[in-house]
Amino acid sequence: TILIIGVTSVISFLAFSNHTLINSLLYYPYRIWRDKEWYRLISNGFVHADMTHLFFNMFALYSFGMYMEQSFEGVFEMKGRVLYVVMYFGAIATADLLNLFKQKDNPEYRSLGASGGVSAVVLSYILLNPFGILYLFFIPIGIPAFIFGPLYLLYCAYAAKRVGDNIGHVAHFTGSVFGFVF
């Protein structure tokens, strides 16, 4: 978790002031299909739009990732960390699969961020710790994980149907489901 946060933060910081770098890493279905740039299925998880986007993703990853990393190690021993990394990056790769096909002929569509992987970590946490209490920044009252999880998925599904907020709600939903199933 710490290594993922460190590498993601360094690459994001570098990309904030380097448009060539960010453009070479972001999720770009048109280029993935046209130029066979399949690495973009993963590389987009290393770049973020701004400091706020990076902070929220990495804070959530740290908050839940350490628990999940230890849980994977407890169950799978030596293979636990590898499986944790596979889950995280597998979720990033699959989080935007719908858009990979839906946007393949749209040269304007692009996305970025680790939200699909982070959502996978959060929902897998909820599966393993359903009675844990989750806090949101703007709500001072703890929410039981087993309530938060379904509400989060419902919100993602609802928000994905709305256009205009520039947030990858489909990636959040898909990443969450991936983590839960994984």
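A crossing of two helices is called left-handed if the near helix is turned anticlockwise from the far one by less than a right angle, and right-handed if it is turned clockwise. Helices (H or I, at least four residues) and strands (E, at least two) are taken as DSSP runs, numbered from the N terminus. The model is predicted, and local features need pLDDT of at least 70, side-chain atom pairs count only at pLDDT 80 or more, and totals for chains, interfaces and linings use all residues. Residues are numbered from 1 along each chain as its sequence is written, while side-chain values use heavy atoms, with hydrogens and water left out.

Buried here means under 20% relative accessible area, exposed means over 50%, and partly exposed lies in between (1.4 Å probe, protein chains only). By this criterion, His-169, Ala-171, His-172, Gly-175, Ser-176 and Gly-179 are the buried residues of α10. Viewed down the helix axis, these buried residues fall within an arc of 155°, so they line one face of α10; the arc is that of the directions from the helix axis to the C-beta atoms. The partners against which they pack are α6 (80-95), α8 (115-128) and α9 (145-161), where contact means heavy atoms within 4.5 Å.

Axes are lines fitted to C-alpha atoms, for helices over the stretch in contact, and angles run from 0 to 180 degrees between N-to-C directions. The axes of α8 and α10 lie 7 Å apart, and the two helices pack at an angle of about 45°. This makes α8 oblique to α10, given that angles under 35 degrees count as roughly parallel, over 145 as roughly antiparallel, 65 to 115 as roughly perpendicular and the rest as oblique. The α8 and α10 crossing is right-handed. On the α8 side, the contact is made by Ser-115, Gly-116, Ser-119, Ala-120, Leu-123, Ser-124 and Leu-127, and on the α10 side by Ala-171, His-172, Gly-175, Ser-176, Gly-179 and Phe-180.

For α9 and α10, the packing angle is about 145° and the axes are 8 Å apart. This crossing of α9 and α10 is left-handed. Here Tyr-152, Leu-153, Tyr-155, Cys-156, Ala-157, Ala-159 and Ala-160 of α9 meet His-169, Val-170, His-172, Phe-173, Ser-176 and Val-177 of α10.

Several individual residues complete the picture. Arg-40 lies in helix α4 (residues 40-43) and is buried, with a relative accessible area of 1%. Beyond its neighbours within four places in sequence, Arg-40 is in contact with Asn-23, Ser-24, Leu-25, Leu-26, Tyr-27, Tyr-28, Arg-31 and Ile-32. Tyr-135, by contrast, belongs to strand β1 (residues 133-136) and is exposed, with a relative accessible area of 57%. Its contacts, again leaving aside neighbours within four places in sequence, are with Pro-140, Ile-141 and Gly-142.

Most residues other than glycine have a negative phi. Lys-36, which is not a glycine, has a positive phi of about 55°. Lys-36 sits in the loop between α3 (29-35) and α4 and is exposed, with a relative accessible area of 54%. Glu-77, also not a glycine, has a positive phi of about 55°. Glu-77 is found in the loop between α5 and α6 and is exposed, at a relative accessible area of 61%.
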